[in-house]
Structures are given as structure tokens and as C-alpha cells.
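Subject: Structure for your review

Hello,

I am passing on a structure that you have not worked with before. Please open it first and then read the notes under it.

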Amino acid sequence: MSQGGPRVSARRGRTATAATAVSLVVSLVVSLVVSLAACGTDGESAGAGGNASRKGGFTIGLLLPQIQIARWETFDRPLIEKKLKELCDDCTVEYANARGDVATQQQQMNTLITKGVEVLIISAVDFRSLHSSVETAHDAGIEVVAYDGLVDGPISGYVSFDNERVGKLQGEALLKAMGDKADGGQIVMMNGPQTTPTTMAFKRGALSVLEGEVKIGKSYDVQGWKPESANANMVRAIAALGAGNIDGVYAANDALASGVISALRSAGIQPLPPVTGQDADLAALQRILSGEQYMSVYKPFKAEAEAAAEMAVALGRGEELDDISETTVDTPTTKDIPAVLLDPIPVTADNIKDTVIKDGVFTTAQICTPKFESACEKAGLTP
């Protein structure tokens with residue numbers, strides 16, 4: 001990871017010669033004349049990147065990381081595109097999904113830069129891998145909004161959740177579900193890939209709660225969030241620790257939880273130890289109601305998607321983000337990035353109705369299919 005500071009600091013450190021200074025002044029005068037000529041009678045001028053005071057439509061690139069987790073195509077993409085359309089009816093969206101491949105995402109980003117998009121919304125497969133592409137976009141005057149995870153390089157805005165808080169909520173829920181066994185009991189940790197600050201934060205938050213309270217018998221970092229990999233890892237953990245010696249499982253998201261639970265069932269473990277999750281997937285909610293999975297974490301995707309769209313449109317129009325951002329964040333390469341950090345919500349059988357159903361993510365009918373009717377009735381959910 002690059003340890004350099006923001007681009008603006010590096011540029012301020014450069015010293016121009018007298019000749020260079022004169023040349024710069026001449027270039028600025030010429031640019032000003034050309035700019036004023038291009039303004040016409042409305043008095044508008046083109047700023048850095050050619051997007052200051054833009055009132056017409058422009059092109060926004062949207063790059064999402066994968067399809068393994070259902071949320072990206074089911075929620076994030078349509079929600080972002082819908083909000084962009086509301087905010088800028090004549091804007092165009094160029095969309096691509098990297099399907100979990102770093103090289104593919106690099107190529108997708110470079111293609112959009114070549115096409116000349118004005119703004120990019122990016123959720124990175126690997127936050128380090130796009131550094132040079134973000135630099136290239138910045139040099140071309142293209143604004144970059146990092147979505148659901150930071151990206152190395154000179155990004156203009158960031159929208160996500162308090163991801164360390166996500167891990168803490170999962171860890172706290174697991175200890176609660178373990179009851180007396182939370183005092184010195186043994187767990188397995190099934191973390192996501194440690195390739196982004198987001199996934200690192202999940203693990204860090206969980207460990208801040210779990211370490212010193214329970215014994216971590218086995219811990220795995222699952223590349224690509226693949227349920228089949230989580231399943232294979234859990235099979236190995238059961239063999240190593242013993243079927244009767246696992247008191248709980250920290251699973252970083254619902255996809256991993258599904259693989260974990262499948263392995264526990266195949267091993268004949270009854271009752272199942274509590275298993276955590278994240279993303280409030282439909283199948284996970286049904287597992288929660290049936291008692292297979294203890295909890296998930298609901299991240300209101302609509303609020304996240306809309307904040308990203310608002311940032312993108314504001315940047316495309318050359319506007320500041322002061323009215324949108326609530327705080328700032330730093331990366332090793334860029335400081336004081338305008339940011340929106342939203343609050344995650346733990347979900348158990350007790351509050352499904354007041355969270356995902358209330359917000360319209362899923363209907364009661366979608367969750368309470370015939371297979372889960374009795375579990376839904378027990379939880380007070382009726383179509």
C-alpha cells in the first residue's frame with residue numbers, strides 16, 4: 001500500500017523556475033480566454049475536470065465488485081440507478097460488474113476513463129488494486145466516489161457504513177446467543193477476504209468483542225466470499241476441534257453463514273451452535289426464523305445508494321459535498337475525504353418486521369413461504 005499523502009500536498013512541494021512560472025501565466029491567460037469564449041452569453045465557465053457549473057446531463061460510471069453476494073445486483077445497482085435518474089434525468093449511467101475479479105475491474109475502470117465519463121462510483125474488489133486507475137481518473141478530471149469500501153488514491157467522496165461497528169454487533173450478538181458458554185467457550189471465525197478496509201474492519205470489530213471472552217479454535221479468511229469455501233473450511237474445523245466442541249461461529253456475512261450451517265448439518269451437530277451473518281439476505285432471514293442462523297446485520301442499502309448518487313451528481317455538476325457529507329475519512333494516500341457513514345442494524349427473529357419488512361426490502365409474503373409459515377407465525381409474521 002502506498003504511504004504517500006494527498007496529491008495536493010505533493011504538488012505544493014514542487015518549486016517552479018522563473019521561466020516555468022512565466023510559461024504558466026501565459027497558459028493560464030490563454031486558457032481563460034478560451035474558457036470565456038466557450039461560455040457564450042450565459043456566463044458559465046468550465047472548471048477543473050470540465051464539470052464546474054454543469055447543468056446538463058453527463059455520464060456516470062458505476063462499477064460493482066461481484067455477484068456472489070446478492071445485494072449488489074438486487075439492491076445496490078437498481079437503487080443507485082433509480083436515484084441518479086431522479087437527480088439527473090438526462091445523465092447516462094455506464095454499468096459493469098467485476099464478478100470478483102481484480103483484473104476485470106481494472107479493465108472496466110480503464111475503459112470508462114477512456115470513454116470520458118465525468119464521475120465514477122466504485123465498490124472495489126481490492127482497494128489497493130485500483131490506485132493507479134484512480135490516479136489516472138483524477139488526472140483526467142474524473143471524480144471518484146468510493147462506495148461501501150475505501151479505494152486507494154485521490155478519491156473525492158466516500159459512502160459506507162460504520163464497518164467496525166458491524167463486526168462489533170456480530171460479536172456482541174454471538175456472545176449473547178452463547179449464554180453461559182460465552183465465558184471461555186470455543187468458536188470458529190469465518191471472515192471475509194482481507195482485501196479491503198471494509199472487510200478488515202468487520203474482523204477487527206468482531207475481535208475487539210470476542211478476544212478475551214472466548215477461545216478462537218479456528219479462524220479463516222474466505223476469498224471471494226464463497227459459501228463453498230466456507231463449507232470446506234467448516235468441515236476442516238469440525239474435524240480438528242470435534243463436533244461437540246464448537247459453541248458458536250462468527251460468520252462475516254450470510255453467504256458464509258450458509259456454507260457454515262450446511263457443514264454443521266452434514267456433521268449431524270444438534271442443536272446447531274449460534275451463527276452470525278450480515279446483509280439480511282432473504283434466505284438468511286428464513287434461516288433466522290427457522291432457528292438455523294442466529295442473526296444478520298441489516299445495512300439500509302437505500303440510504304447508502306442514495307447518498308452515493310447524490311455525491312456523484314453533485315460532483316458532476318462541480319458542486320461541493322458539504323451539504324451531503326457528515327464527516328471525513330483518511331486513507332494512506334488521501335486525507336479529509338468527505339464521507340457519509342451510516343448505522344448498521346442487528347437483525348434477529350424479534351425485529352425482522354421492524355427492519356427489513358418495514359423498510360420495504362422484503363415483504364412478509366416473500367419471507368413467509370409455505371415452508372416457513374409456522375416459524376413466521378411464531379415470530380408474529382403473517383402475510
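In which loop is the place of Arg-99? Arg-99 sits in the loop between strand S2 (92-97) and helix H4 (102-115); helices (H or I, at least four residues) and strands (E, at least two) are DSSP runs, numbered from the N terminus.

Before the rest, some notes on the basis. This is a predicted model, in which local features need pLDDT of at least 70 and side-chain atom pairs count only at pLDDT 80 or more, while totals for chains, interfaces and linings use all residues. Residues are numbered from 1 along each chain as its sequence is written, and side-chain values use heavy atoms, with hydrogens and water left out.

Backbone

Arg-99 is not a glycine, yet has a positive phi of about 50°. Its relative accessible area is 61%, so Arg-99 is exposed (buried means under 20% relative accessible area, exposed over 50%, partly exposed in between, with a 1.4 Å probe and protein chains only).

Ala-280 also is not a glycine and has a positive phi of about 50°. Ala-280 counts as buried because its relative accessibility is 2%. This residue belongs to the loop between H9 and H10.

Pro-271 is found in the loop between helix H9 (254-266) and helix H10 (282-290). The peptide bond that leads from Gln-270 to Pro-271 is cis, with omega near -5°.

Salt bridges

A salt bridge here is a side-chain nitrogen of Lys or Arg within 4 Å of a carboxyl oxygen of Asp or Glu. By this rule, the count is 13.

One of them joins Lys-115 and Glu-94, at 3.3 Å from N to O. Lys-115 is in helix H4 and Glu-94 in strand S2, so this pair ties together parts that are 21 residues apart in sequence. Lys-115 counts as exposed, at 53% relative accessibility, and Glu-94 as partly exposed, at 27%.

Another is formed by Arg-265 and Glu-292, whose closest N and O atoms are 2.6 Å apart. This pair links distant parts of the chain, with Arg-265 in helix H9 and Glu-292 in the loop between H10 and strand S9 (296-298), 27 residues apart. Arg-265 has 40% relative accessibility and therefore counts as partly exposed.

Within it, Asp-76 and Arg-71 form a salt bridge with closest N and O atoms 2.6 Å apart, and both residues are buried.

Regards
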